[in-house]
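Visitor: I am new to this structure and would like to learn how to read it. Please show it to me, and then start with a single residue.

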Amino acid sequence: MYISRKIEIVHIPRDLWGEGVEQEMSSFVGGVLVSDQWLQSQFTQVELRSLKAKFFSMENQNGKVKVANLPPLMIKLNVFSEMFNEEEIRRSLGETHSDVNSEIGFEGFLKTYLDLQNRGNAKLGNSKNSSSFLKATTTTLLHTISQSEKALYVAHINSYLRDDPFLKQFLPIDPSTNALFNLAKDGVLLCKLINVAAPGTIDERAINTKRVLNPWERNENHTLCLNSAKAIGCTVINIGTQDLVEGRPHLVLGLISQIIKIQLLADLNLRKTPQLVELVEDKYDIEELMGLSPEKILLKWMNFHLKKAGYKNTVTNFSSDLKDGEGYAYLLNVLAPEHCSPATLDAKDPAVRANLVLEHAEKMDCKIYLTPKDIVEGSANLNIAFVAQIFQQRNGLSTDNKMISFAKMTTDDEQISREERCFRLWINSLGIASYVNNLFEDVRNGWILLEVLDKVSPRSVNWKQATKPPIKMPFRKVENCNQVIRIGRQLKLSLVNVAGNDIVQGNKKLILAFLWQLMRFNMLQLLKNLRSRFQGKEITDAHILSWANKRVKGTGRKSQMESFKDKSLSSGLFFLELLSAVEPRVVNWNLVTKGETNDEKRLNATYIISVARKLGCSIFLLPEDILQVNQKMILSLTASIMYWSLQQSVEESDSSQSPGASSRGASPEPSIDGINDSLSPASSPATTASWEASPSPSTSTDDDSLLATEVLNMIIDDTTSDDVISTSDGDNAASDTQSQNEH
């Protein structure tokens, strides 16, 4: 069955792992499998089958595909024909591949496809440059490694994880060796580091911490790591589990960099540090402060103190403006005058002054991870880390400012704050060009919402009618937001009496209601598009509820979920049973409590979230959402588990349905672009229509495949479906009406 198949895959010879491993796995298990789970999640099975057929149609006599073969293939895909000509694609590939005559595997082709798609979006104006370090997307194309930054990250890890019960046997790490990358290969280090940056994000009981891990345990750790990294705000586009398993230095360092910076800048917001209101002159500037990225707040804080110290220049960046060390000297003198030395400012040599600055900081008990040379050379990342350390150690802000109480009033209540966090992280995980720091402020010009809409409903946005930030004219913001509302109505979102100006005005409840509907739409579309067998039938909340109950019942357990508001869900037992039903080995029942007391319920809730992420679910809820049975978050959790489970059954049932599954590119493939773009007879429109309209019945006896068939029957059975939908839609309509009344 499913588990035995997984055990068999473990015995694939190691020389088959690496780029193109999905080809071997596809022929071994059936279906189109990609070794990188993130990469797999970017495409539906229909898309993967289509792209696979097109890719292997380009093979030469030796069964190989070269980078130089790709332009003619790419230009025939409708998604690129509107963005580039063939020569532009050729130039683009020349920039990202050092040798266009080199061979490329299917996984490399998929990454190239996504990179070209991102370039095309940027070319069409569907992007926004961001100065935020968090938007410095980790990418397989950046191979430069800063030894100074590597030394900083190693020192940070050695400092914060030296007492960890499991990792202390491997620490301290020597920064002059590859020990960091070797240690990262098992995933334990990265998971632990995430918990240092955002305590409690990962339930460490879910981490596989054996001395020697098998490939699947290692993959589970990396899947848990990447999904948890997204849940704290990291951008992990173009990095997958296989990259981490291989310990690719530039990708490992890129991820570690983001995790550490999130930790260092965690207090740079009004919720954590309300004293930051001292940086603004009146209460009307507080909203502007809330909308700034953490590093911009750090710059604002630094300039605030430099002005008090009499420094005449304004620091606008963490690189060239700090090279001479003067800014640091003034900052430390005003923050810690007891350690002040005239020699620091009198020094003529920047390197000498930088050394005195570090001595001053050390007397303040700041952690010193950079050298005088790093300051003189203007290393931006190292300078950000250094200034953040100074802020954490001594921010020099008043605690009795009369505006602090006002600042505390402006922060959102717990429920709104949790939902803001969820939707912000969800948006940042989509891979759009912009990065959201403060949801309510950043969406008010409409641009980010248009980017999100274009991602969840491709080509729905008319970019010629959109205005890119910075936007000075208020009516342009309204135009952007009006288009957002117009597209929302086209997607059948409930937007009665809602106008674009409501978003411009920053109506928090409306923004949250809109984003929830958009997130829910995206979830349902993913489920609907997962396999053509659904034949275009809409999937509703009721289908998800029914699927979960049948899945648990199928294991012989008696737990049932009456609705997504069922208070019994707070114990966590139902979701642990559901997770165990879709993958029996993922839940360690020795760690599960009875869920009777609040403490027991919290333990179960934290374990559920980590186990789901370990399985491969990209979720952004918190334990409190399960404890309080937040209907929206409960639905998103259930839908994510359903998506993962059906994705597995699709791969297995496709294998049993396609006699030529192991024959690469031999089976009919539906078009990825939804148009009649064909590169081979196998992709002809007639064949595609026939394939989609008449799916072969599954011959697999796998439990997940049978269950997927049950879901299909439930959807096709009009009578049953109508009964279920009417109940669900009634609840949703009531909820929407209530929500609109609140607005």
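Guide: Start with Asn 428, which touches Ser 434, Tyr 435 and Val 436, leaving aside residues up to four places away in sequence. Contact here means heavy atoms within 4.5 Å. The model is a predicted one, where local features need pLDDT of at least 70, side-chain atom pairs count only at pLDDT 80 or more, and totals for chains, interfaces and linings use all residues. Residues are numbered from 1 along each chain as its sequence is written, and side-chain values use heavy atoms, with hydrogens and water left out.

Visitor: Where is Asn 428 placed?

Guide: Helices (H or I, at least four residues) and strands (E, at least two) are DSSP runs, numbered from the N terminus. Asn 428 belongs to helix H23, residues 414-429.

Visitor: Is Asn 428 buried or exposed?

Guide: Buried means under 20% relative accessible area, exposed over 50%, and partly exposed in between, with a 1.4 Å probe and protein chains only. Asn 428 has 6% relative accessibility, so the residue counts as buried.

Visitor: Which backbone atom lies 2.8 Å from a polar atom of the Asn 428 side chain?

Guide: A polar contact is a pair of N or O atoms within 3.5 Å; within protein, one must be able to donate a hydrogen and the other to accept it, and residues adjacent in sequence count only if both atoms are side-chain atoms. For Asn 428, the atom is the backbone nitrogen of Val 436, at 2.8 Å.

Visitor: What does the secondary structure of the chain come to?

Guide: The chain has 36 helices and zero strands. Of its 743 residues, 56% count as buried. Among contacts between residues at least 6 apart in sequence, 67% join residues at least 24 apart.

Visitor: How is the accessible surface read, and what does it come to?

Guide: Accessible areas come from the Shrake-Rupley method with a 1.4 Å probe; for residues, only the protein chains shown count as cover. The chain's accessible surface is about 31,400 Å², and 48% of that belongs to carbon and sulfur atoms.

Visitor: How many aromatic pairs are found?

Guide: Rings of Phe, Tyr and Trp (its six-membered ring) pair if their centres lie within 6.5 Å; planes under 30 degrees apart count as stacked, over 60 as edge-to-face and the rest as tilted. The whole structure has eleven such pairs. In one of them, the ring centres of Phe 55 and Phe 106 are 5.7 Å apart and the planes are at 50°, so the pair is tilted. Phe 55 is in helix H4 (residues 45-56) and Phe 106 in helix H8 (residues 106-123), so the pair ties together parts 51 residues apart in sequence. Both Phe 55 and Phe 106 are buried. Ring pairs also join Phe 55, Phe 56, Phe 106 and Phe 109 into a cluster.

Visitor: Which charged end sits over the ring of Trp 589?

Guide: A charge sits over a ring if NZ of Lys or CZ of Arg is within 6 Å of the ring centre and within 35 degrees of the ring normal. Over Trp 589 sits the charged end of Arg 557, 4.7 Å from the ring centre.

Visitor: How many salt bridges are found?

Guide: A salt bridge is a side-chain nitrogen of Lys or Arg within 4 Å of a carboxyl oxygen of Asp or Glu. The search of the whole structure gives 22. One of them joins the side chains of Lys 111 and Asp 243, at 3.4 Å from N to O. This pair links distant parts of the chain, with Lys 111 in helix H8 and Asp 243 in helix H13 (residues 241-245), 132 residues apart. Lys 111 is buried at a relative accessible area of 12%, and Asp 243 is buried at 0%.

Visitor: Which residues make the salt bridge at 3.0 Å, N to O?

Guide: The side chains of Arg 218 and Asp 186 do. Arg 218 is in helix H12 (residues 215-231) and Asp 186 in the loop between H10 and H11, 32 residues apart. Salt bridges with shared partners also join Glu 107, Lys 111, Asp 243, Glu 246 and Arg 248 into one network.

Visitor: What does Ala 229 touch?

Guide: Ala 229, also in helix H12, touches Ile 194, Cys 234, Val 236 and Leu 255, not counting residues up to four places away in sequence. Ala 229 and Ile 194 are 35 residues apart in sequence and 6.8 Å apart in space, C-alpha to C-alpha.
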